[in-house]
Amino acid sequence: MLMLKDQVRAAELLQEIDIVSYPHIMDKQARETILKRLTSALPKLPAEPPKSAEEQYQAQLARMRGR
């Protein structure tokens, strides 16, 4: 049980090190890997409910007017 706790803690520390060292990493692939790992852990946005025909029409009018 202690080994599992230590492994989890070690993984958390490595993630913190990645976050802190991110601005200083010059390797583009390593930076992209860190970003993908961090963004995959973020919660996903809820799906936007479908708009009624009137709302779609008003949105289209606003886009046409440049608003």
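**Terms and their grounds**

Student: Why is Arg37 called partly exposed?
Tutor: Arg37 has a relative accessibility of 34%. A residue is buried under 20% relative accessible area, exposed over 50%, and partly exposed in between, with a 1.4 Å probe and protein chains only. Arg37 therefore counts as partly exposed.

Student: On what kind of model do such values rest?
Tutor: The model is predicted, with local features requiring pLDDT of at least 70 and side-chain atom pairs pLDDT 80 or more, while totals for chains, interfaces and linings use all residues. Residues are numbered from 1 along each chain as its sequence is written, and side-chain values use heavy atoms, leaving out hydrogens and water.

Student: What makes the contact of Arg37 with Asp18 a salt bridge?
Tutor: The term requires a side-chain nitrogen of Lys or Arg within 4 Å of a carboxyl oxygen of Asp or Glu. The closest N and O atoms of Arg37 and Asp18 are 2.2 Å apart, and the pair is accordingly a salt bridge. Arg37 belongs to helix α2 (residues 28–40) and Asp18 to helix α1, so the pair ties together parts that are 19 residues apart in sequence. Asp18, at 22% relative accessibility, is partly exposed.

Student: How many salt bridges does this rule give?
Tutor: The count is two. Glu12 is partly exposed at 37% relative accessibility, and Arg9 is partly exposed at 44%.

Student: How do you know which segments are helices, and how many there are?
Tutor: Helices are DSSP runs of H or I with at least four residues, strands are runs of E with at least two, and both are numbered from the N terminus. The protein has three helices and zero strands, in the order α-α-α along the sequence.

Student: Why is the protein described as more spread out than a compact globule?
Tutor: The radius of gyration is taken over C-alpha atoms, and the globule rule is 2.2 Å times the number of residues to the power 0.38. For 67 residues the rule gives 11 Å, whereas the protein has 22 Å, well over that value, so the description applies. The C-alpha trace spans about 60 × 35 × 15 Å along its principal axes, and 4% of the 67 residues count as buried.

Student: What makes the span of helix α3 agree with expectation?
Tutor: The expected span is 1.5 Å times one less than the number of residues. The 13 residues of helix α3 (residues 53–65) should therefore span 18 Å, and the end C-alpha atoms are 18 Å apart, which agrees. Gly66, which follows α3, has a positive phi near 85 degrees.

Student: Is Leu61 buried or exposed, and on what ground?
Tutor: Leu61, found in helix α3, has 18% relative accessibility and so counts as buried. The C-alpha atoms of Leu61 and Pro23 are separated by 43 Å, the two residues being 38 apart along the chain.

Student: What makes Arg63 exposed?
Tutor: Arg63, likewise placed in helix α3, has a relative accessible area of 56% and is therefore exposed. The C-alpha atoms of Arg63 and Leu14, 49 residues apart along the chain, are separated by 46 Å.
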